Amino acid sequence: MRFNMGSFDRLFRLVVAAIIAYLFFTGQISGVTGTVLIVLAGIFAATSFVGVCPLYLPFGISTIKKKLPMNKNSTIVDVRTRDEYQSGHVANSINIPLQELSARLNEVKNLPQPLVLCCASGVRSARATTLLKNAGLECQNGGSWMEVNTALQN
């Protein structure tokens, strides 16, 4: 199983678990609420130690900082709609909406690889990544366009 929790996420969960444990064992929370919260604290601590949150898996969520395969030949493809793209995008990215991706596959194959795909949240770019990998292209889901923008600036 791949890790899907970054250091901040893991630390945050441990701090929340410690606070809940403190409140529970000092008697400040009790009863059903206390029991539910102490179980939640245990789950937070366990997921922090193993670095995997099972709730993230079905949605492809990861809080690990992405190391994008960027080089001078990389191409950033934003799969949001044209209107979304116009409202803000990564500089020098190309907009190919997800619904047009299959029809424009030959165009995409001619782009310099690796491709880094992005959208608003990472869901559409995950679907686009699967589609393009199945077509034999070298690509990676960059997540949201803002995450890609941040990764490029660091």
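Select strand 3, residues 115-119, to begin: this strand is mostly covered, since five of its five residues are buried, where buried means under 20% relative accessible area, exposed means over 50% and partly exposed lies in between, with a 1.4 Å probe and protein chains only. Helices (H or I, at least four residues) and strands (E, at least two) are DSSP runs, numbered from the N terminus. What you have open is a predicted model, in which local features need pLDDT of at least 70 and side-chain atom pairs count only at pLDDT 80 or more, while totals for chains, interfaces and linings use all residues. Residues are numbered from 1 along each chain as its sequence is written, and side-chain values use heavy atoms, with hydrogens and water left out.

**Strand 3 and its sheet**

Show the side chains of strand 3, and you will find Leu 115, Leu 117 and Cys 119 pointing one way, with Val 116 and Cys 118 pointing the other way, and all of them buried.

Now widen the selection to the sheet, which is open, has four strands in the order 2-1-3-4, and is paired in the parallel sense. Two strands pair if DSSP finds at least two bridges between them. In general, strands of a sheet pair through backbone hydrogen bonds, either parallel or antiparallel. Which strands form the edges? They are strand 2 and strand 4, each of which pairs on one side only.

Select strand 1 (residues 75-78) next, which pairs with strand 3 in the parallel sense over four bridges; Ile 76 stands opposite Val 116 in strand 3. Strand 1 also pairs in the parallel sense with strand 2, over two bridges, and here Val 77 stands opposite Ile 94 in strand 2.

Move to strand 4 (residues 139-144), which pairs with strand 3 in the parallel sense over five bridges, with Cys 119 standing opposite Ser 144 in strand 4. To follow the chain from strand 3 to strand 4, trace it through helix 6 (residues 123-134), a β-α-β crossover that is right-handed, a word used if, with the strands pointing away from the viewer, the path from the first strand over the helix to the second runs clockwise.

**The nonpolar core**

Select Val 77, Val 79, Leu 101, Val 108, Leu 115, Leu 117 and Leu 132, which are the residues with the most contacts inside the largest nonpolar core, a group of 14 residues. A nonpolar core is a set of buried Ala, Val, Leu, Ile, Met, Phe, Trp, Tyr and Cys residues joined through side-chain atoms within 4.5 Å. Helix 4 (98-101), strand 3 and helix 6 each supply at least two residues of this core, and strand 3 gives the most, with three residues.

Centre the view on Leu 101, which, leaving aside neighbours within four places in sequence, is in contact (heavy atoms within 4.5 Å) with Ile 96, Val 108, Ala 128, Leu 131 and Leu 132.

**Trp 145**

Go on to Trp 145, which has its place in helix 7 (residues 145-153). Is this residue buried or exposed? Trp 145 is buried, with a relative accessible area of 16%. Not counting residues up to four places away in sequence, Trp 145 touches Asp 78, Arg 80, Gly 88, His 89, Val 90, Cys 118, Cys 119 and Ala 120.

**Aromatic rings**

A search of the whole structure finds two aromatic pairs. Select Phe 8 and Phe 12 for one of them: their ring centres are 6.2 Å apart and their planes are at 25°, so the pair is stacked. Rings of Phe, Tyr and Trp (its six-membered ring) pair if their centres lie within 6.5 Å, and planes under 30 degrees apart count as stacked, over 60 as edge-to-face and the rest as tilted. Because Phe 8 and Phe 12 are four residues apart in helix 1 (residues 7-25), they are separated by about one helical turn. Phe 8 counts as exposed at 67% relative accessibility, whereas Phe 12, at 46%, counts as partly exposed.

Select Phe 24 and Phe 25 next, whose ring centres are 5.1 Å apart with planes at 85°, so this pair is edge-to-face.

**Two backbone stops**

Display the backbone at Gln 113 and Pro 114, which are joined by a cis peptide bond with omega of about 10°; Pro 114 is found in the loop between helix 5 (105-109) and strand 3.

Finish at Asn 92, in the loop between helix 3 (82-86) and strand 2 (94-95), where phi is near 65°, a positive value in a residue other than glycine.
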